[in-house]
Amino acid sequence: MATAVSCSWLTLPSQMRNLSLTSSSISVSNSTSLSFSKSLSHPLLSQGNCLPLSTVQRRASVVCEAAPKKKVDSAVKRTRQAEDRRIYNKARKSEIKTRTKKVLEALEVLKKKQDAASEEILPIEKLIGEAYSTIDKAVRSGTLHRNTAANRKARLARRKKAVEIHHGWYTPVPEAVA
């Protein structure tokens, strides 16, 4: 990997004329030293611009590693179980998303419909029931947290109520002031 070496004139002592890099991991190409001249313009360096002075190359190093240890049988079993659970949970979550999307799309279509009847919400209520059932099964199997499930179910109920209010099929009761 080649990089450019740069330095500001302000950070160098005035006695310094030559700089040579010596290190076990860095070598200067063509074994030349880096030199700085006083003819460099001071405003150019004070603006923060860096000037490439020479190219530095890294030596290739060999890293030896010991052979990896064989995994313990319990670790292999845990890995296998985790992968099985991941696939199972992924399928459950996908089913929840699909059912939720179907309910939300049906509610949007019903909301946009001008001459909708109140009976048209019944098939959507059936879809909502299926979505609730799927969400509850995911909670029982440990795929979803119960609070997450409650939030998702509440979101569906709010959307349904918003459609009913929009069409005038439901009128919210004003809350009594205590």
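Author: Start with the face of α3 that is turned away from its buried side: Leu-122, Pro-123, Lys-126 and Arg-140 are exposed there. Exposed means over 50% relative accessible area, buried means under 20%, and partly exposed lies in between (1.4 Å probe, protein chains only). This is a predicted model, in which local features need pLDDT of at least 70, side-chain atom pairs count only at pLDDT 80 or more, and totals for chains, interfaces and linings use all residues. Residues are numbered from 1 along each chain as its sequence is written, and side-chain values use heavy atoms, with hydrogens and water left out.

Now the other side of α3. Its buried residues are Ile-124, Ile-128, Ala-131, Thr-134, Ile-135 and Ala-138. Seen down the axis of α3, they fall within an arc of 125 degrees, so they line one face of the helix. The arc is taken from the directions from the helix axis to the C-beta atoms.

Helix α3 itself runs over residues 122-141. It has 20 residues and reaches 29 Å from first C-alpha to last, close to the 28 Å expected at 1.5 Å a residue. That expected span is 1.5 Å times one less than the number of residues. Helices here are DSSP runs (H or I, at least four residues), as strands are (E, at least two), numbered from the N terminus. Just after α3 comes Gly-142, with a positive phi of about 90 degrees.

What do the buried residues of α3 pack against? They pack against α2 (73-112) and α4 (146-167). Contact means heavy atoms within 4.5 Å.

Take α4 first. α3 and α4 pack at an angle of about 170 degrees, with their axes 9 Å apart. The two helices are therefore roughly antiparallel to each other. The cut-offs are these: under 35 degrees is roughly parallel, over 145 roughly antiparallel, 65 to 115 roughly perpendicular, and the rest oblique. Axes are lines fitted to C-alpha atoms, for helices over the stretch in contact, and angles run from 0 to 180 degrees between N-to-C directions. On the α3 side, the residues that meet α4 include Glu-125, Tyr-132 and Val-139. Their partners in α4 include Arg-146, Leu-156 and Glu-164.

Look at Glu-164 in helix α4. Is it buried or exposed? Glu-164 counts as buried, at 15% relative accessibility. Leaving aside neighbours within four places in sequence, Glu-164 is in contact with Ile-121, Glu-125, Trp-169 and Tyr-170.

Next, α2. It has 40 residues and reaches 59 Å from its first C-alpha to its last, close to the expected 58 Å. Ser-133 is partly exposed, at 33% relative accessible area.

Finally, α2 also meets α4. Their axes come within 10 Å and cross at roughly 10 degrees. That makes α2 roughly parallel to α4. Among the residues making the contact are Val-103 and Leu-107 of α2, and Arg-159 and Val-163 of α4.
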